[in-house]
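Please open the structure in your viewer and keep the selection panel at hand.

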Amino acid sequence: MNRVDRTVELYNQGCNCAQAVFCSFAEEEGMDLTTAAHLASPFGSGMGNLGETCGALSGLFMAIGLKYGFEPTASKESKEMFYAEIKALGEEFRAIKGSTRCNELLEIHKDRPRPEVNGKPVKRCEHLVHEAARLGEIYFQNKSQK
C-alpha cells in the first residue's frame, strides 16, 4: 500500500487530518503509530479546532521535518532552503485546494458537491489528506533521487 492510500485508510479509521498524513510517513521512518498519532493529535482541525493551518498540511510538514528537518546548528542558508521548499509545498497546496487555512477550506468546499477521490464521494476532509499525502509522496521521491 502506498502512502497516499495508507493516509486515506488512517483517516477513515478515525485519525484526524494531521494524524493521518503524519502517521503514514512516520511509520515508514520507523516511528510507531501510537507515538506518531499522539504527536500529531493537536494539529487536527486547523490546530486544535482553531480553524487555522490545515491539519493535513501540518501533518505533511511534520513528516518532512521528521525526515529532512535541520539541526539547531544548521547554516542559515540550509535553513532558508528548507523553508523555501516548505513554502513552495504550501503554495502548491493552496493553488490546488484554494487555501491553506482549515476554516477557509471548509467554507470553500461546503456548497460544492462532495469531493471525490477515485470516483467515490469522500468524508469531509478526505480530499485534503489525500492531496497532502500526494504532494508529500512527490516531495519524498524527489528528495530521495538527489
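## The whole chain

Among contacts in the protein chain between residues at least 6 apart in sequence, 59% join residues at least 24 apart, where a contact means heavy atoms within 4.5 Å. The model is a predicted one, in which local features need pLDDT of at least 70 and side-chain atom pairs count only at pLDDT 80 or more, while totals for chains, interfaces and linings use all residues. Residues are numbered from 1 along each chain as its sequence is written, and side-chain values use heavy atoms, with hydrogens and water left out.

Display the chain as a cartoon. Eight helices and two strands make up its elements; helices (H or I, at least four residues) and strands (E, at least two) are DSSP runs, numbered from the N terminus. Read from the N terminus on, the order is α-α-α-α-α-α-α-β-β-α. Of the 146 residues in the protein chain, 42% are buried. Buried means under 20% relative accessible area, exposed means over 50%, and partly exposed lies in between (1.4 Å probe, protein chains only).

## First stop: Arg 6

Select Arg 6, in helix H1 (residues 3–12). Is this residue buried or exposed? Arg 6 counts as buried, because its relative accessibility is 17%. Now show the side chain of Glu 27, with which the side chain of Arg 6 makes a polar contact of 2.9 Å. A polar contact is a pair of N or O atoms within 3.5 Å; within protein, one must be able to donate a hydrogen and the other to accept it, and residues adjacent in sequence count only if both atoms are side-chain atoms. Not counting residues up to four places away in sequence, Arg 6 touches Met 1, Gln 13, Ser 24, Glu 27 and Leu 33.

## Second stop: helix H3

Select residues 33–40, which form helix H3, and colour its buried residues: Ala 36, Ala 37 and Ala 40. These residues lie on the same side of H3, because they cover an arc of only 95 degrees around the axis. The arc is that of the directions from the helix axis to the C-beta atoms. In general, an α-helix has 3.6 residues a turn, so residues three or four places apart point the same way.

How many aromatic pairs does a search of the whole structure find? The search finds seven. Rings of Phe, Tyr and Trp (its six-membered ring) pair if their centres lie within 6.5 Å; planes under 30 degrees apart count as stacked, over 60 as edge-to-face and the rest as tilted.

Select Phe 25 and Phe 140. Their ring centres are 4.8 Å apart and their planes stand at 45 degrees, so this pair is tilted. Phe 25 belongs to helix H2 and Phe 140 to helix H8 (residues 126–144), so the pair ties together parts that are 115 residues apart in sequence. Both Phe 25 and Phe 140 are buried.

The rings of Tyr 68 and Phe 140 have centres 5.4 Å apart and planes at 70 degrees, so they form an edge-to-face pair. Tyr 68 is partly exposed, with a relative accessible area of 21%.

Complete the selection with Tyr 139: Phe 25, Tyr 68, Tyr 139 and Phe 140 form one aromatic cluster. Then show Lys 143, whose charged end sits over the ring of Tyr 68, 5.4 Å from the ring centre. A charge sits over a ring if NZ of Lys or CZ of Arg is within 6 Å of the ring centre and within 35 degrees of the ring normal.

## Last stop: Ser 99

Move to Ser 99, in the loop between helix H6 (76–97) and helix H7 (102–110). Ser 99 is buried, with a relative accessible area of 3%. Which side chain joins that of Ser 99 in a polar contact of 2.5 Å? The partner is Glu 104. The side chain of Ser 99 also reaches the backbone nitrogen of Arg 101, at 3.0 Å.
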